[in-house]
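Open the structure in a viewer and keep the sequence panel beside it. The stops below go from one selection to the next.

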Amino acid sequence: MSEIRELYEANNQGHVFEFYDALTDAEKTSLEKQASAIDLDEIADLTARLIQTPDCQDSGFSEAVEPAEYIPLEKNEGGDPARWVEARAKGEAALRAGRVAAFTVAGGQGTRLGYNGPKGTFGVSPILHKSLFQLFAEKILASSKIFARPIPWFIMTSQSNHDDTITFFEKSDYFGLPSDQVNFFSQGVMPAVDEEGKILLAEKTQIALSPDGHGGSLRALVRSGATRQMEADGIDIISYFQVDNPLVRCIDPAFIGFHLEGNSELSSKTVSKAYASEKVGVFCQRGEKTLVVEYSDLPEELAEATDTNGELLYRSGSIAIHLFDRDFVHRLGSGTGESAQLPFHLAHKKVPFIDSKGKINAPEAPNAYKFEMFVFDALPFANNPIIIETAREDDFSPVKNARGIDSAQTARDDQLRQFARWAAGAGIKVETNDSGLPAAAFEISPLFGDTAERFASSWDALENKTELTEGVVLA
């Protein structure tokens, strides 16, 4: 009997190898590799704490929470333009010194969009339908040129899309980036278990595995060797963003500057919630700790509460844009010490599985538990966490649904509105409707301008200017 099989037998999980003897050598090797990647002690602990003692779970809410403070945008009430100028200069210096890397969490598939492939390969720009990956690549390439230092890009895939993602980049010649500037690694996985903590089999040769959540990205950075590589390259700031947001400023000097000014281990961007029930978490304060309370955990009366100005009291929405200190990621991702481990959350799901007779069962009700971590749970562990307000119209338009709110169409419209604002700011006459949507659809490549200021500079330098009519692309 193999060593890994003996280990599973000793931990009351021997059923994982129930069909092992009938497998081919290749199938045996595959199953052993899957089994070896699972920490059985961790599964036993999570089962005891989260499934068998459910009262131990913390919803993230308590009566003691208050709205968290944040640094207002320079143009908004309470904003300090001089402070923003200083932060921007500090961030630009860090970029010129090569201290910053971009990090994209890109493990998802485009299933909810009605698209068959990694979500990052989904075409989302208004005219050319550039993929999310291409938009990010061009923004990173533009910043690399502006600050005269290559900005490394780390991309976390998943087991389901890792090879397809790499193939996409190779066929696209990395969108102009040097191939050694782009680093891929796969997200960690966790097994689904039943109410007794028994690991489920999806097939005779396959453990029922699922990604360990976006919080698992910190473990993956460490386990992949990415943090060691960053340290060797002099990088100590990690710019984190998720793959579904085409408007995101991948590299934001002012954000970096505030992060450094505050000697922060974790800084986050916020936007004011568009409406009380918007599905974003809310930054809150519990004593001296900053945390995010998920929208589903915030009581309705608090979600709808307003201040003396009539604005939502709990309005500081979390949009999954963060800056991490590299050593902080290494500390949390390594799980060194009880106080330095992200908590796992429990999800009760319907998971098809193979029973002891080798029959596939497709349950009609939740039958299994999945474990996942949330990246914002790192906030209470961070020293000097900082929250910075950003403009929704310039930083946040997620692509989550096939239609309606937060869809590809709303993201394309938001890009068009941004282009129209930039054009108007540069003195170009653009006809728009009441929502700011231009009458003619045109597209601006991040390589031409990835901010209003850089667009205006590139436009001023053009010798042969063109009208921004239907279908025009400035590249």
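Two strands count as paired if DSSP finds at least two bridges between them. Helices (H or I, at least four residues) and strands (E, at least two) are DSSP runs, numbered from the N terminus. The model is predicted, so local features need pLDDT of at least 70 and side-chain atom pairs count only at pLDDT 80 or more, while totals for chains, interfaces and linings use all residues. Residues are numbered from 1 along each chain as its sequence is written, and side-chain values use heavy atoms, with hydrogens and water left out.

**Stop 1: strand β2**

Select residues 100-105, which form strand β2. Four bridges join β2 to strand β3 (residues 153-157), and the two run parallel. Within this pairing, Ala-102 has Trp-153 of β3 as its bridge partner.

Buried means under 20% relative accessible area, exposed over 50% and partly exposed in between, with a 1.4 Å probe and protein chains only. Six of the six residues of β2 are buried, so the strand is largely enclosed by the rest of the structure. Val-100, Ala-102 and Thr-104 lie on one side, and Ala-101, Phe-103 and Val-105 on the other.

Select residues 132-146 for helix α5, which makes a right-handed β-α-β unit with β2 and β3. Right-handed means that, with the strands pointing away from the viewer, the path from the first strand over the helix to the second runs clockwise.

**Stop 2: helix α1**

Go to residues 3-10, helix α1, where the buried residues are Ile-4, Arg-5 and Tyr-8. They cover an arc of only 100 degrees around the axis, so they sit on the same side of α1; the arc is taken from the directions from the helix axis to the C-beta atoms. Glu-3 and Ala-10, on the other side, are exposed. The buried residues of α1 pack against α2 (25-36) and α3. Just after α1, Asn-12 has a positive phi of about 60 degrees.

**Stop 3: Tyr-8 and its rings**

Centre on Tyr-8. Which residues is Tyr-8 in contact with, leaving aside its neighbours within four places in sequence? Contact means heavy atoms within 4.5 Å, and the residues include Gln-13, Val-16, Phe-17, Ala-35 and Ile-199.

Rings of Phe, Tyr and Trp (its six-membered ring) pair if their centres lie within 6.5 Å; planes under 30 degrees apart count as stacked, over 60 as edge-to-face and the rest as tilted. The whole structure has 23 aromatic pairs. Tyr-8 and Phe-17 make an edge-to-face pair, 5.5 Å centre to centre with 85 degrees between the planes. Phe-17 also pairs with Tyr-20: the centres are 5.5 Å apart and the planes at 70 degrees, so this pair is edge-to-face. Phe-17 is buried at 2% relative accessibility, and Tyr-20 is buried at 11%.

**Stop 4: the cores**

A nonpolar core is a set of buried Ala, Val, Leu, Ile, Met, Phe, Trp, Tyr and Cys residues joined through side-chain atoms within 4.5 Å. The largest has 55 residues, of which Tyr-8, Phe-103, Phe-324 and Phe-371 touch the most other members. Helix α3 (residues 40-51) gives the most to this core, with five residues. Apart from it lies another core of 51 residues, among them Leu-135, Phe-136, Leu-177 and Ala-391.
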